[in-house]
Structures are given as C-alpha cells and as structure tokens.
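Work through the exercises below with the sequence and the model in view. Try each task before you read its solution.

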2 protein chains.
Amino acid sequence: MVTNVAVIEVKPGMEREFVAGVEQAMPLFLRAKGCHGLSLEQCVEIPEQFFLRVRWESAAHNQNLFVKSDDFKAWRKLVGHCFAGKPKVHHAETVLTSSNEGG
Amino acid sequence: MVTNVAVIEVKPGMEREFVAGVEQAMPLFLRAKGCHGLSLEQCVEIPEQFFLRVRWESAAHNQNLFVKSDDFKAWRKLVGHCFAGKPKVHHAETVLTSSNEGG
C-alpha cells in the first residue's frame, strides 16, 4: 500500500470551490482499481495549501492506470481551474503507526 | 483535531537508526496530553525524507505543552543526531475523507 500525496496550492479565495470539487470527484477515485481511500487536508498556516492523500494498492495502480484514465481527466476538469500552479506529488509508505484511539 | 506534520530529512544511511529511534519514542508522544496517535511515513522518491504525522486534540496541546516538555527533549535526544537539517513543520486539518475499506 502506498499513499499518493499531492500538495495543491489553490488560487486565493477559491478554497471552498476547490473543496466542493474534490468532494464531487471522490467517487472517481473510489471506483478506480486499486484505490483504498482518500482524504483532503488543509494547511493551518497557509490555508490556500491542500494535501490530497490517496491510498493505492501500488504506485502502478495510480500512475499506470488512474492517471491515464478518463476519470483522471474528469477529476482535473472539476478542480484544475482552482490550481494556482502544478501540484507537487510524491508517494509515501507508512513505516510505523500507533494510536490512542480504540479499534 | 489537528495533525502536526514534520518533514524530516535524515543523513544518508541513517534511515534504519532513525526509524528505530522513532519507534522507541512513540510512548513519549502517546502519553502526552491531547495526543491521539502518530504515524511515520517514508517518501518513495527520496528515501531519506520522512513525514512524522502526530494527531493532536489542538495545536496548543502540541505547541504549548508537548514542545515545552521533558518528553520532547527526550524525543529529540533519541533521533536528533539523525537529522540532516531542521525539520519543516506544519499543521493540517482534515477537510474530507472517504474510504473503500470496512469500518
């Protein structure tokens, strides 16, 4: 399992429109082969900065399948006009995890 | 709830020692007031880059209490020698979340 992290800077004042677009696009990710889930985080210090975190079975599911799909084009159509620049993307693997929460 | 994200670059070859240090330090975070849990992620593209993600009840629990505690000093003592530079820190709030996994 790998997390695709996109650091997305949106144009000032477009934060709400961007979040609404991501919410609308969620099914596109969730129905993609190998997608386990996603979350959107907003930076407290720089509110125009968002972190889209999508969990994939493998990096190949993300890069070889989803990025080349029509759903990826649809995703970019929903939110691309909010981007202030090209998103910076990396993949991350969870090495350690621990929680005080039940479950 | 807020996630404190520290981007930590470690010295080349010290990745395993750093991960072992974080594992040892986990109880220091988990017993801190307001800490809900933590995870350590490693960047796939740049393996010397780690993301320590600690979930706090509020930013104040992290900044006003933990950072000033003896446990914070103990944490830095366990891993500080692995750092290639000063960690870059930001706080993030979860705006949207969705999963294909059960539960």
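Two strands pair if DSSP finds at least two bridges between them. Helices (H or I, at least four residues) and strands (E, at least two) are DSSP runs, numbered from the N terminus. This is a predicted model: local features need pLDDT of at least 70, side-chain atom pairs count only at pLDDT 80 or more, and totals for chains, interfaces and linings use all residues. Residues are numbered from 1 along each chain as its sequence is written, while chains are lettered from A and ligands numbered from 1 in the order in which they are written.

**Exercise 1.** Find the residue that stands opposite A:Ser39.

Solution. Start with strand β2 of chain A, residues 35-43. Seven bridges join this strand to β4(B), and the two run antiparallel. Now go to β4(B): B:Thr97 stands opposite A:Ser39.

**Exercise 2.** Describe the side of chain B that touches chain A.

Solution. Count first: the contact (C-beta atoms, placed from the backbone, within 7 Å) takes 32 residues from chain B and 32 residues from chain A. Next, list the elements of chain B that give two or more residues: β1 (2-9), α1 (15-30), β2 (35-43) and β4 (88-99). β4(B) gives the most, with ten residues.

**Exercise 3.** List the elements of chain A in order from the N terminus.

Solution. Chain A has three helices and four strands. Their order is β-α-β-β-α-α-β.

Note on methods:
Two residues are in contact if their C-beta atoms, placed from the backbone, lie within 7 Å.
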